[in-house]
Amino acid sequence: MTAVDLSQLPENRLFIGGEWVPSETGKSIAVTNPATEKPLAEVADAGIADGLRALDAAHAAQTAWAATAPMRRADILYSVNRTLMDRRDEFAALIVAEMGKPWAEAQGEVDYGAGFFRWFAESAGRLHLEGQFGVEPNGQYRIAVSKRPVGPCLLITPWNFPLAMGARKIAPALAAGCTVVLKPAEQTPLTSLLLARVLEDSGVPAGVVNVITTSNSPDVIAEMMHDPRARKISFTGSTEVGKALLRQAAENVMNTSMELGGNAPVIIFEDADLDEAVAGAMVAKLRNGGESCIAANRIYVQRSVAADFVRRFSDKMEATRSGDGTDPASELGPLIDGRQLAKVASLVSDAVHKGAVCAVGGAPVDGPGYFYQPTVLLNVPENAQIRTEEIFGPVAAIYEFDSEEEVIREANNTPYGLASYVFTRDLRRALRVADALDAGMTGINRGVVSNPSAPFGGTKASGSGREGGTEGLEAYLETKYTGIQI
Ligand code: NAD
């Protein structure tokens, strides 16, 4: 694997208006490697004036970028895709260092993130061929319907996929002709800054993409949202913060996309291929160390195969090798920070205290790094917090069920509705259950659903809007109707 190279990142700088500038606060934020707890780098800590400066730049660049030929925008996005793939290992090393995921998963994230630039490059070229031109029903005049960019966008991303979450927003925004201000999570800002470098080198004009890092997101973002020049907010993060941003967005009636928390059920029927179900549940649970909004939060197994499933799944969990992602043999990285480690530990101890049985793991790992053991919980009682809260860690809670009706009711008994997974060999049952699950996404006989060409998003408290697919571009477009009298 490649060593981390920070030489491409100007220290303590924000990327505003095509320039790398210091913050008005003069302060910085320390970035820590979660596997070693050692400092990795410092980034600039933006204040309110920096946020508004970034919005000035995005606003100033908006008209020219919207008027840039779609094919030119597509060419730039293709170039970003190629550069990311050429520099795959350099990005993967940075993701491992600041976020902690295993090496192969970090490489996978680069492929996934780069995929959004390719997918939306393909859409950008065709964008303005779409629309309608016709005569209104009384034959009096003509109707033309076309698409135009929403305008300057604020993009806010979490720490769990430092490249992909930004890519999933920047690529469609640029394809649509919008300019953006990206604010990555303070735990993992370095990958976004390196991405800004690549965008700059790929010919993105000054001001079209701006990146600010801050330890004061609530105030910096609130001031930007207060400014009517910001036309859209696309947020990925917790439901709690998403709700607060929706309230703020109401003030100027901003366009919003919200990718929020999840509580994904995995449902394994007795007729499933059990090897496939164990492998699918493992990846749905342990991908990204469980720190994923689509991670398996509740594993439901039909009673007749439950003992067999639990044995096989527990063996695999127990054999999972934790370690620093720089070790290619590591399959499970640390949690992002001490706060997340304490949260996972408290969910497990609450469940055990209330009567759950810990079949595997159940404790933090000693030594440097925020590691938690791969853990399997059985007999989790009704009142345990882990039944309803997003775990965001390598802890699998397994429940047994008898009937299809019962498991559908249980699976839907949550305020969330992001991902869900069904394992069965019966196609009719698979489709019936997928239809009955109130979730934005269902994987049938597979534990991974993320794909740049598919619409990613949730129902209920998991958010609104979709990223990726054709819907991902629509999110950055307004529909314009022109009535023409001739
Ligand atoms: P978080 O909500 O704490 O933070 C997300 C981002 O919002 C960060 O950049 C943070 O700095 C910023 N932020 C925090 N408070 C803010 C405020 N008041 N105003 C503006 N910005 C603010 O979430 P997190 O802990 O970083 O991420 C984990 C959460 O993200 C989980 O709930 C997970 O399910 C969710 N998530 C959802 C998706 C999805 O696509 N639905 C994908 C990844 C993560």
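Ser 123 counts as buried because its relative accessibility is 14% (buried means under 20% relative accessible area, exposed over 50%, and partly exposed in between, with a 1.4 Å probe and protein chains only). The model is a predicted one, in which local features need pLDDT of at least 70 and side-chain atom pairs count only at pLDDT 80 or more, while totals for chains, interfaces and linings use all residues. Residues are numbered from 1 along each chain as its sequence is written, and side-chain values use heavy atoms, with hydrogens and water left out.

Back to Ser 123: its place is in helix 4 (residues 103-126). Helices (H or I, at least four residues) and strands (E, at least two) are DSSP runs, numbered from the N terminus. A polar atom of the Ser 123 side chain sits 3.1 Å from the backbone oxygen of Trp 119. That makes for a polar contact, meaning a pair of N or O atoms within 3.5 Å; within protein, one must be able to donate a hydrogen and the other to accept it, and residues adjacent in sequence count only if both atoms are side-chain atoms. Asn 210 has a contact with a backbone oxygen too: that of Gly 207 lies 2.9 Å from a polar atom of the Asn 210 side chain. Asn 210 is found in strand 9 (residues 209-211) and is buried, with a relative accessible area of 0%.

On to the rings. Six aromatic pairs turn up in the structure; rings of Phe, Tyr and Trp (its six-membered ring) pair if their centres lie within 6.5 Å, and planes under 30 degrees apart count as stacked, over 60 as edge-to-face and the rest as tilted. One of the six aromatic pairs is Phe 269 with Phe 401, which is edge-to-face because the planes stand at 85 degrees, with the ring centres 5.5 Å apart. Phe 269 lies in the loop between strand 12 (264-268) and helix 9 (274-286), and Phe 401 lies in strand 16 (residues 395-401), so this pair ties together parts that are 132 residues apart in sequence. Both Phe 269 and Phe 401 are buried. Phe 309 and Phe 313, by contrast, are stacked, since their planes are at 15 degrees, with ring centres 5.3 Å apart.

Side chains of opposite charge can pair when their charged atoms come close. The structure holds 24 salt bridges, each being a side-chain nitrogen of Lys or Arg within 4 Å of a carboxyl oxygen of Asp or Glu. Arg 312 pairs with Asp 275, with the closest N and O atoms 2.5 Å apart. This bridge links distant parts of the chain, as Arg 312 is in helix 10 and Asp 275 in helix 9, 37 residues apart. Arg 312 is partly exposed at 27% relative accessible area, whereas Asp 275 is exposed at 52%. Arg 312 also forms a salt bridge with Asp 308, and here the closest N and O atoms are 3.4 Å apart. Arg 312 and Asp 308 are four residues apart in helix 10, so about one helical turn separates them. Asp 308 is partly exposed, at 28% relative accessibility. Salt bridges that share partners join Asp 271, Glu 404, Arg 429 and Arg 432 into one network.

Glu 400 and Arg 303 form another salt bridge, their closest N and O atoms being 3.0 Å apart. Since Glu 400 lies in strand 16 and Arg 303 in helix 10, the pair ties together parts 97 residues apart in sequence. Glu 400 is partly exposed, at 40% relative accessible area, and Arg 303 counts as partly exposed at 41%.
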